[in-house]
Amino acid sequence: MKIVVCLKQTLDPEIAPKDFKIDAANRKLVQGNAKQVLDSYAENALELALQLRDKHGGTVTALTVDDKPADKILGRALALTADKAVRVWDAAWADLDAHALAHVIARAIEKEGGADLVLFGRQSADAERGLVGSMVAEELGFACITVAATVEVADAKARVQREVSGGFTVVEVDLPAAVTVTSHATNTPRLPKVKDTMMAMRKPIPVLAAGDLDVDADRTAPRVQLRDLLIPTSEGDCELIAGDEPRDQAGSLVTRLRERKVL
Amino acid sequence: MTNILTLAGAQEGTVTKASLEALGAARIIQAAQGGQIHAVLIGANTGDAAAELIAHGADTVWVADDPALAEYQPDPYLAAAQAAARQADAGVVLTVGDDTGRDLAPRLAHRLAAGSVTEVIDIKVDGPEIQWVRPVYGGKAHAVYVALSERQVHALRPKMFAAPAREQGRQGEVNKLGLSLDPATAAARCVEKLQEAVSGVRLEDARVIVAGGRGIGGPEGFADLQRLADVLGAAVGASRVATDAGWVPATQQVGQTGKMVAPDLYIAVGISGASQHLAGVTAAKTVVAINRDVEAPIFKRADLGIVADWKAVFPHLIDKCKEIGGQA
């Protein structure tokens, strides 16, 4: 089975709000000292990809589209025994929105020989769109399942538990398919072994550009434009309950909540 | 002037809340720009739901009613939405980003070559331009987008847009969407539903939620939270720290990566208030924070706060709530 897992590096979401800064004039994030990390849902997708490969054989290719070097996250994928890692970028792509990204990713997957299963994180911690995976499915003409907790493969079909409000929906899907993955007890990321990390360091990470792919330049034009990026002012003023005695504080709180008619 | 299409569903003949929220958002645009509001009603035994959509502001309803569509099936639902978008000549398609809308919107956007924004929390209309506001970076920032494409498909964050008032006797058109939609032939088939085991009140439905985080310290502390919840008829929630530590099941996680809740009262106990967590409580009406650290970001979101060790306050809080009869 050929599996492609699409990874993304994001600003560390654990960064404290006071350290989070934006350049409003240029509608950009200020990186500052914040780390770039492998997005956590992409980590779950990678873990699932490796488990499926280990069980059914085949290969896992880790792919990312990024203007920055992504050796850290792709190197980690290799250290976790992904068979291949590829970064895709072209200097002509200034501002890829979700549609443009999906177009580029789909063409890169084709360039890599296609796939039976393409896995994504359900959404990234930075843009939080949840768009790209489904759009890649459409680009490739693949079946599409979003927010999958588990995926089992048998006989060119997958059985997917899709997380929904109040439980799961079991979806049967014919391969090839694109699946976006959510965190679940079964896809907690593994840790790399020292031996595999050493091996991974010797593996090259090729960079594919527009010229290597069958990219339609018109399709890399964005369909949405970021007009403004701002830090919202914190809502409301918190009324701190006075007093040092827990009993009085509890009493005052209940009184205030009754005044607000929420108790 | 552009037509707007909203996605709608019904359960046992009753229009879902999400359907009305989408109509509420559509009316914001219609009020500024005119145009017709169409709704596509997809489901089984939709009954009077089409008339209800008209009473709540739809001018035309396209109905795809079939026993096979009783539960969400990605491919037929997508086909119905796509057909309705064509019939309505919709420039803007709106859905609420719940389990169904979140799944449909990106694929529909792709099929309509439409620009797309998800998790929309606010809409601003400036002349011919519609601006879509959404949180990014776990709510640390807000992004304002405009579409550059001729058509747009957007998903609204649940519970952010008010349903339009019901107008008795409002007139509109109801049309059948002539489609044969057989889920059995689709590449992806929803075959079964597995219920999550829930004891007590579901978080999404709860009017009051008592939630705990790192400061709770372990599963024993959550037993105390449950005691208060029992008195108030509340549900117990948790931050990602608490669920990752295994103190409570992952199903109780509130936040960007857990459940989005909209209670009247959210009592955050020992929760620092990371933006990831706060993203799950944007729609909470009143937030109470109990935390030892006055610098904790939760106090920026909270309406009422107690700066104290929660363990000292809690027994009294439970007693006081019992005194008032506990009916939340």
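How many of the seven residues of strand β6 (residues 59-65) of chain A are buried?

Mentor: Keep in mind that this is a predicted model. Now to the strand. Six of the seven residues of β6(A) are buried, so the rest of the structure largely encloses this strand.

Next, its partners. Strand β1 of chain A, residues 2-6, pairs with β6(A) in the parallel sense. Five bridges join β1(A) and β6(A). One point to find on screen is Cys6(A), whose bridge partner in β6(A) is Leu63(A). Strand β7 of chain A, residues 84-88, also pairs with β6(A). That pairing is parallel too, and it runs over five bridges. Look for Thr64(A) here: Arg87(A) in β7(A) stands opposite. Put together, β6(A) pairs with β1(A) and with β7(A).

Now compare a buried residue in a helix. Glu139(A) lies in helix α4 of chain A, which covers residues 132-140. Its relative accessibility is 13%. Buried means under 20%, so Glu139(A) counts as buried. The side chain of Glu139(A) makes a polar contact of 3.2 Å with the side chain of His103(A). Set aside the neighbours within four places in sequence, and Glu139(A) still touches residues of both chains. In chain A, the contacts are Ala102(A), His103(A), Ala106(A), Arg107(A) and Arg219(A). From chain B, His110(B) is in contact with Glu139(A).

Then go to the surface. Met201(A) sits in helix α5 of chain A, residues 194-201. Its relative accessible area is 65%, and therefore Met201(A) is exposed. Met201(A) also belongs to a nonpolar surface patch, together with Val194(A) and Met198(A).

Last, an intermediate case in chain B. Glu71(B) is in the loop between β5 (60-65) and α3 (74-88) of that chain. At 45% relative accessibility, Glu71(B) counts as partly exposed. Beyond the neighbours within four places in sequence, Glu71(B) contacts Tyr77(B) and Lys193(B). Along the chain, Ala44(B) and Glu71(B) are 27 residues apart. Their C-alpha atoms are separated by 8.2 Å.

To recap the accessibility classes: Glu139(A) is buried, Glu71(B) is partly exposed, and Met201(A) is exposed. As for your strand, β6(A) has six buried residues out of seven.

Methods:
Residues numbered from 1 in each chain as written. Chains lettered and ligands numbered in written order. Predicted model: local features only at pLDDT ≥ 70, side-chain atom pairs only at ≥ 80, totals over all residues. Heavy atoms only, no water. Helix = DSSP H or I, 4+ residues; strand = E, 2+ residues; numbered from the N terminus. Buried < 20%, exposed > 50% of the residue type's maximum accessible area, 1.4 Å probe, protein only. Polar contact = N/O pair within 3.5 Å; in protein donor to acceptor, adjacent residues only side chain to side chain. Contact = heavy atoms within 4.5 Å. Patch = residues over 30% accessible without salt bridge, like charges linked within 9 Å, V, L, I, M, F, W, Y side chains within 5 Å. Areas by Shrake-Rupley, 256 points an atom, 1.4 Å probe, with all protein chains shown as cover. Salt bridge = Lys/Arg side-chain N within 4 Å of Asp/Glu carboxyl O. Pairing = 2+ DSSP bridges.
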